[in-house]
Amino acid sequence: MAAPETDQTPVLRLEAVRFSGLRNEGTFDLELGRGEIRHLRAFAPALQILGIVPLASGTVSVNGKPWEERSVIDRERQLRRIGTVYHPRGPSSSVWVGNLDIDENVRLAAHFDPARTSTTLGRQADALAKRVGLAEGLPTTRPAVTPLPDQVLSQWVRAFLPDPLDLLLLESPLEGAPAESIAAFVAEIERVRNAGCSILWISEAVPDFVALGIHAGPDHDPNTPT
Amino acid sequence: MKGGKNEKDVAVELGDPGRFRLHGWDAAFDFFTLATECAVSALLPRSWRKPVRTRLAKQILFAGVEAVPFTVFAGILMGIVLTLNSYRWLEFTGRIDFLGPALSILVIREAAPAFACVILVAASASAMTTELATMRVSGEIGLLESQGINLVQFLAMPRAVGLAIAGTCLALIFVACAFVTAAVTILLIGRMSPGPFFDSIFSSIVPADFISLLGRGTVPAFLIGVICCHVGVNTTGSSTAVPQAVTRAMLLSVAATLVISALFALIAYL
């Protein structure tokens with residue numbers, strides 16, 4: 001039964017979750033409050049956390065409600081408030097829709113937000129793109145012919161574009177990223193955290209939040225499988 | 001639109017002999033739900049977000065505009081064939097004054113909507129199913145779902161509506177080409193002038209003909225779009241499942257066209 005959403009309700013809760021996939025072992029329990037950042041040691045489970053691919057076991061709740069208890073419209077509305085950077089070599093997910101240009105891919109989901117016009121959206125996407133290091137704006141090429149660093153930066157833009165943004169799922173977000181853009185990425189993370197967005201950093205290696213300049217709480221240590 | 005694999009999907013991948021059938025009542029119910037959802041969604045202005053409008057425009061371009069040359073070609077050839085055959089038999093029976101009405105029945109009621117749908121199935125159904133099935137097996141459908149994008153609204157509805165518009169337009173183009181060719185053919189034979197010929201056609205057309213032409217151009221084309229989306233998005237397994245999905249979608253599309261044609265004939269003329 002879903003708990004009523006309050007300020008104390010965790011944005012993301014994993015209860016006895018076991019992810020499917022050969023490289024994912026163990027059971028995860030995790031609660032992520034507003035504005036918090038945590039690390040999850042796993043390999044590309046974003047689609048499972050988002051309720052698209054079935055979990056091996058356990059329950060994922062977002063804003064106090066498991067995916068199974070949501071209607072289609074409610075689920076889609078919640079998913080549009082979650083930004084995701086997908087692992088470039090994840091097991092079950094494409095990072096881009098192949099027959100759309102990168103800029104179309106980035107803006108696609110936001111176009112379905114009734115509160116935003118195409119003009120506003122284009123302006124916001126361009127501003128974000130320039131902030132993270134895409135000086136000429138979002139690439140207008142197909143994913144297959146776009147260089148990997150530009151794809152990584154474009155993924156960042158897509159992840160930060162939802163408004164409001166409840167949750168960010170970052171699967172190895174720095175893999176393939178240009179070093180000079182990392183500071184801008186961290187700045188964006190801090191900006192959205194200050195606005196109340198929670199962040200789950202997912203990777204097999206433990207990220208050094210201190211070295212990156214990310215202000216994590218004292219309990220940010222990797223949520224290792226139990 | 002479900003992505004899960006069940007026993008029937010596995011049977012399809014393994015080449016079960018029943019693979020050309022719509023799999024049972026569950027799949028039939030799923031299909032009719034999708035068709036209804038597409039139709040309702042098309043009527044809601046808020047469904048027509050920018051990517052949906054873009055997809056619709058592309059669909060009309062691919063399925064309609066690019067098929068115009070072949071439709072003109074088919075219309076001209078069918079105009080010649082039908083005119084010569086009808087002329088010969090009506091002259092033999094001494095009722096050459098029935099040439100216009102006979103051609104209007106053959107072209108408007110039968111040939112135009114049937115050819116429009118055949119052209120759509122041949123040119124667009126396979127491409128659409130391949131595209132969506134490939135998107136499913138490569139994980140792109142999951143990517144869209146994970147971003148909260150409604151698959152019916154973004155993938156199915158603009159394709160089905162685009163095919164419906166294209167199907168209707170192609171049927172009308174076919175009619176125009178067939179009648180102009182028929183007039184030229186009659187002129188060349190030298191037994192009847194085009195004026196009286198067209199007069200006899202227009203005087204023989206009844207409202208049921210318009211209903212039949214538009215209905216049989218629009219409804220089967222819409223259903224072809226829904227079938228291709230349904231089969232394509234529900235493809236499971238690896239890329240080897242894609243060709244089987246395409247074959248299934250094309251056969252189901254032809255079957256839907258025939259069933260709808262029969263239903264319209266019953267409704268319009270009985």
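Me: Which pattern does chain B follow, read along the sequence?
Reply: In this predicted model, chain B has 10 helices and 0 strands. Helices (H or I, at least four residues) and strands (E, at least two) are DSSP runs, numbered from the N terminus. Along its sequence, chain B follows the pattern α-α-α-α-α-α-α-α-α-α.

Me: What pLDDT do local features need in this predicted model?
Reply: Residues are numbered from 1 along each chain as its sequence is written, while chains are lettered from A and ligands numbered from 1 in the order in which they are written. Side-chain values use heavy atoms, with hydrogens and water left out; totals for chains, interfaces and linings use all residues, side-chain atom pairs count only at pLDDT 80 or more, and local features need pLDDT of at least 70.

Me: What percentage of the residues in chain B is buried?
Reply: The C-alpha atoms of chain B fill a box of roughly 65 × 40 × 35 Å along the principal axes. A residue counts as buried under 20% relative accessible area, as exposed over 50%, and as partly exposed in between (1.4 Å probe, protein chains only). Of the 270 residues in chain B, the buried share is 52%.

Me: What separates the C-alpha atoms of B:Ile105 and B:Ser204?
Reply: B:Ile105 lies in helix H5 of chain B and is partly exposed, with a relative accessible area of 39%. B:Ile105 and B:Ser204 are 99 residues apart along the chain, and their C-alpha atoms are separated by 8.8 Å.

Me: How many residues of chain A are in contact with chain B?
Reply: Contact means heavy atoms within 4.5 Å. By this rule 20 residues of chain B touch chain A, and the residues of chain A in contact with them number 26.

Me: What area is buried between chain B and chain A?
Reply: The size of an interface is often given as the accessible area lost when the parts come together. Buried area is the accessible area (1.4 Å probe) that two parts lose on being put together, summed over both. Carbon and sulfur atoms give 58% of the area buried between chain B and chain A, which is about 2,000 Å². In chain B, 30% of what that side buries comes from the three residues that lose the most area to chain A: B:Arg49, B:Leu143 and B:Gln147.

Me: Which helix gives the largest share of the side of chain B that touches chain A?
Reply: Helices H3 (50-64), H5 (99-137), H6 (140-146) and H7 (151-189) of chain B each supply at least two residues of that side. The largest share, 6 residues, comes from H6(B).

Me: How many residue pairs are in polar contact across the interface of chain B and chain A?
Reply: A salt bridge is a side-chain nitrogen of Lys or Arg within 4 Å of a carboxyl oxygen of Asp or Glu, and the count between chain B and chain A is 0. A polar contact is a pair of N or O atoms within 3.5 Å; within protein, one must be able to donate a hydrogen and the other to accept it, and residues adjacent in sequence count only if both atoms are side-chain atoms. Across the interface of chain B and chain A, the number of residue pairs in polar contact (both at pLDDT 80 or more) is 9.

Me: Is the pair of A:Phe112 and B:Phe154 stacked or edge-to-face?
Reply: Rings of Phe, Tyr and Trp (its six-membered ring) pair if their centres lie within 6.5 Å; planes under 30 degrees apart count as stacked, over 60 as edge-to-face and the rest as tilted. The pair crosses between chains, from A:Phe112 in the loop between helix H3 (102-108) and helix H4 (118-132) of chain A to B:Phe154 in helix H7 of chain B. Both A:Phe112 and B:Phe154 are buried. Their ring centres are 6.0 Å apart and their planes stand at 90°, so the pair is edge-to-face.

Me: How many residues apart in sequence are the parts that the pair of A:Phe185 and A:Trp201 ties together?
Reply: The ring centres of A:Phe185 and A:Trp201 are 6.3 Å apart with planes at 65°, so this pair is edge-to-face. A:Phe185 is buried at a relative accessible area of 1%, and A:Trp201 is buried at 4%. Since A:Phe185 lies in helix H6 (residues 182-194) and A:Trp201 in strand S8 (residues 198-203) of chain A, the separation of these parts in residues is 16.

Me: What is the omega of the cis peptide bond that joins A:Asp163 and A:Pro164?
Reply: Most peptide bonds are trans. A:Pro164 lies in the loop between helix H5 (148-160) and strand S7 (167-171) of chain A. The cis bond joins A:Asp163 to A:Pro164, with an omega of about 5°.
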